[in-house]
Amino acid sequence: MRAQPRRCALLALACSAALLVTAHLASDADPTPIVRAALQRDDLLCLGLTQWPLDVVQEGPQARQAAALAALGLLLSEEMELDPLADGHRVMGIRYVPADAATPYLHTRSIEQPTLMGTEARALQDICWGRKALDAVTEWTTTTPPFVRGRAVYSYHLELAPWATHPRVLEAFPGIGHARSQALHPAILNLQQDSRGWRAVPE
């Protein structure tokens with residue numbers, strides 16, 4: 001019966017050792033390159049317009065967004081008859097396509113789209129208005145192997161395209177203003193280490 005206190009003491013000692021290892025990793029490892037690399041994999045901030053050409057046949061948020069970008073020279077517009085439902089019923093509308101001025105801000109990413117035969121890769125092209133740039137990592141904690149996870153608290157600023165702060169753009173894309181407000185506060189990034197290195201993971 002005397003073995004029980006000793007077992008508890010050993011468990012407490014093991015837990016204390018694990019905490020010490022975690023603290024040691026957190027203090028000795030420089031997390032800045034890890035966090036910067038993770039952010040750079042997904043640091044672009046885009047408008048969410050991925051359907052080109054963009055056909056507008058009625059008033060609404062998308063019409064205001066396209067008009068704002070066209071007014072700044074980022075989109076070309078042409079009035080024409082359009083068949084938005086692909087049912088043979090044609091109506092007058094406006095077709096928008098990216099202008100040469102938008103080329104530096106275009107970003108193409110590939111997604112897997114389900115098909116009858118499985119999946120196929122589809123390229124989506126968006127107009128990006130900024131990116132996250134790391135300022136400093138203010139907190140960094142890690143867990144012990146074999147499942148190494150990290151949690152970083154960091155500050156950052158936004159590098160913006162010149163047109164991203166234009167009043168018409170801010171009005172048409174309220175998400176830009178929201179992202180600018182978020183950049184004033186610390187952010188949290190959860191990471192996991194595997195054979196490929198550190199990668200961001202959901203909370």
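Predicted model: local features only at pLDDT ≥ 70, side-chain atom pairs only at ≥ 80, totals over all residues.
Two strands are said to pair if DSSP finds at least two bridges between them.

Strand β4, which spans residues 91–98, has two partners to consider here. Strand β3 (residues 75–82) runs antiparallel to β4, and eight bridges join them.

A disulfide is a covalent bond between the sulfur atoms of two cysteines. The count for this model comes to one disulfide. Cys-46 and Cys-128 are the residues joined, with an S to S distance of 1.9 Å. The two cysteines lie 82 residues apart and connect distant parts of the chain: Cys-46 belongs to strand β1 (residues 44–46), and Cys-128 to strand β6 (residues 118–142). The torsion about their S-S bond is about 65 degrees, so the disulfide is right-handed. Cys-128 is buried, because its relative accessibility of 6% is under 20%. Cys-46, at 29% relative accessibility, counts as partly exposed.

How confident is the predictor? The average pLDDT of the protein is 84, and 85% of the residues score at least 70. Confidence is highest in helix α4 (residues 167–172), at a mean of 97, and lowest in helix α1 (residues 3–28), at 39. Over residues 1–28 the pLDDT is below 50, and this stretch has eleven contacts in the model beyond near neighbours in sequence.

How values were computed:
Residues numbered from 1 in each chain as written. Heavy atoms only, no water. Disulfide = S-S within 2.5 Å. Helix = DSSP H or I, 4+ residues; strand = E, 2+ residues; numbered from the N terminus. Buried < 20%, exposed > 50% of the residue type's maximum accessible area, 1.4 Å probe, protein only. pLDDT = per-residue confidence, 0-100. Contact = heavy atoms within 4.5 Å.
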